[in-house]
There are 2 protein chains.
Amino acid sequence: MSNSRQEIPDIIVARLPRYLRALSVLRKKSQTTNSKELGDFLGYSAAQIRKDLSQFGEFGKQGTGYNIDFLTEQINSILNLDKEWKMVLVGCGNIGHAILNYPGFSHNGFHVIAAVDSSKEMVGKKINNLITIRDISDIEEIIKENNISIAMLTVPASVAQETAEKLVQFGIKAIISYAPVILTLPHNIRVEYIDPVISLQHITYYLS
Amino acid sequence: MSNSRQEIPDIIVARLPRYLRALSVLRKKSQTTNSKELGDFLGYSAAQIRKDLSQFGEFGKQGTGYNIDFLTEQINSILNLDKEWKMVLVGCGNIGHAILNYPGFSHNGFHVIAAVDSSKEMVGKKINNLITIRDISDIEEIIKENNISIAMLTVPASVAQETAEKLVQFGIKAIISYAPVILTLPHNIRVEYIDPVISLQHITYYLS
């Protein structure tokens with residue numbers, strides 16, 4: 001029996017994308033895997049893998065392990081990755097440019113369909129022959145016309161909070177923020193921070 | 001009594017940088033805080049905060065909470081942030097440029113002291129009047145002469161594994177990788193991945 005979505009700890013949900021990454025590598029040499037192999041690959045115990053996956057249902061059989069294609073499909077479904085997602089990029093500096101040039105998003109079903117910036121020099125610029133940067137004042141129209149729920153926020157820290165509030169006001173439900181500030185937003189809004197300083201401050205624990 | 005470093009779950013260590021971020025904000029309005037306020041700020045329960053911190057020692061007093069400066073200093077010490085860290089940037093594309101231009105690293109004691117690339121067009125280019133991009137063939141000399149233990153890896157996915165192996169061979173102990181591949185390295189090497197696709201695949205769980 002699987003639990004309802006609300007009951008599953010976020011820390012377990014957060015691991016599922018890494019499972020997908022591991023499965024895509026393991027699939028190159030086999031059609032099946034097991035909790036030991038997955039655990040070795042990801043640095044968790046086999047017991048942890050089984051416990052994580054059992055939160056969502058029964059995906060493997062005792063002794064025969066997991067069918068990789070089936071498990072991948074199930075995790076994709078759990079994470080709502082069996083559909084395409086539209087995103088807006090807010091801020092087109094170096095990081096914004098890197099995002100627009102990175103093929104990994106659309107390969108995974110995430111499509112940056114619009115990009116905005118507040119700088120007069122940026123607006124009108126065409127990136128990769130694909131997207132023309134628009135003025136940030138168009139953001140409400142862009143979000144509402146395209147029914148976008150995800151924003152990539154790459155504006156300077158000083159304007160991140162006010163920009164995020166506007167995005168939420170216009171209908172954004174989830175934000176990936178590259179700005180090094182903690183955003184204060186309503187509890188139903190999901191925010192994930194991409195912050196290399198946090199990662200650095202974590203690894204130095206293990207250095208001396 | 002605090003536990004020894006090896007016994008403390010990595011998931012708790014991983015939260016300490018976020019505690020620091022929260023403390024720096026809370027410090028603007030008060031000299032003290034408590035587990036409830038910290039928990040509200042970070043989205044954890046007060047009990048979780050107390051449990052996390054008790055792994056490392058006794059930092060607060062029943063009823064009076066935590067002195068923010070003292071707790072900050074203690075966490076900085078636990079994470080080895082009471083010293084400066086030298087880093088090398090490997091790969092100088094869009095992300096590499098964003099890293100070189102981002103003041104948040106040196107503000108936090110992390111200094112990119114050298115940058116390398118394999119492209120003839122990049123080598124010799126000066127960024128921000130500070131760092132001149134060097135040829136990747138100089139990497140061994142750079143790491144050894146400067147005794148660098150941290151690398152920021154922003155090369156294409158196709159060469160990430162071989163590049164990481166060289167970095168480790170030359171003495172790098174920790175890697176922040178922006179390449180969307182899982183690196184296979186010796187167990188004593190710390191790797192943190194900066195991967196927005198992982199974050200996106202996490203948040204879509206909560207969208208519909």
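**Two chains and their relation**

Chain A can be laid on chain B with an RMSD of 0.0 Å by a turn of 180 degrees and a shift of 0.0 Å along the axis, the copies being superposed by least squares on the C-alpha atoms of residues with pLDDT of at least 70 in both. That is the relation of a two-fold axis. The same surface serves both copies, since 100% of the contact residues of chain A recur in chain B; two residues are in contact if their C-beta atoms, placed from the backbone, lie within 7 Å.

This is a predicted model, in which local features need pLDDT of at least 70 and side-chain atom pairs count only at pLDDT 80 or more, while totals for chains, interfaces and linings use all residues. Residues are numbered from 1 along each chain as its sequence is written, and chains are lettered from A and ligands numbered from 1 in the order in which they are written.

**The contact between the chains**

- The contact takes 44 residues from chain A and 44 residues from chain B.
- On the side of chain A that touches chain B, at least two residues each come from α1 (10–26), α5 (94–101), α6 (104–107), β10 (174–177), β11 (190–193) and α9 (196–203) of chain A; helices (H or I, at least four residues) and strands (E, at least two) are DSSP runs, numbered from the N terminus.
- By class, that side of chain A has 27 nonpolar, 12 polar and five charged residues, where Ala, Val, Leu, Ile, Met, Phe, Trp, Tyr, Cys and Pro count as nonpolar, Asp, Glu, Lys and Arg as charged, and the others, Gly among them, as polar.

**The build of chain A**

- Chain A has nine helices and 11 strands, and its C-alpha atoms fill a box of roughly 60 × 45 × 35 Å, taken along the principal axes.
- The domain assignment, which is automatic or from a database, gives domain 1 (5–78) and domain 2 (85–198) of chain A, and 31 Å separate the centres of these two domains, taken over C-alpha atoms.
- Of the 208 residues of chain A, 36% count as buried, meaning that 20 or more other C-beta atoms, placed from the backbone, lie within 10 Å of the residue's own.

**Core and buried helix**

- The largest nonpolar core has 74 residues, and those with the most contacts inside it are A:Leu153 and B:Leu153; such a core is a set of buried Ala, Val, Leu, Ile, Met, Phe, Trp, Tyr and Cys residues joined through C-beta atoms within 7 Å.
- In α5(A), A:Ile95, A:Gly96, A:His97, A:Ala98 and A:Ile99 are buried, and the buried residues of α5(A) pack against β4 (85–90), β5 (110–117), β6 (126–127) and β9 (150–153) of chain A together with α5 (94–101) of chain B.

**The sheet of chain B**

- Six strands of chain B form an open sheet in the order β8-β5-β4-β9-β10-β11, with parallel pairing; two strands pair if DSSP finds at least two bridges between them.
- β8 (134–135) and β11 (190–193) of chain B stand at the edges, each with a single partner strand, so one side of each is left without a neighbour in the sheet.
- Six of the eight residues of β5 (residues 110–117) of chain B are buried, so this strand is largely enclosed by the rest of the structure.
- β4(B) and β5(B) pair in the parallel sense over six bridges, and B:Val90 stands opposite B:Val116 in β5(B), while the bridge partner of B:Val116 in β8(B) is B:Arg134.

Key: A residue is buried if 20 or more other C-beta atoms lie within 10 Å of its own, exposed if 12 or fewer, and partly exposed in between; C-beta atoms are placed from the backbone.
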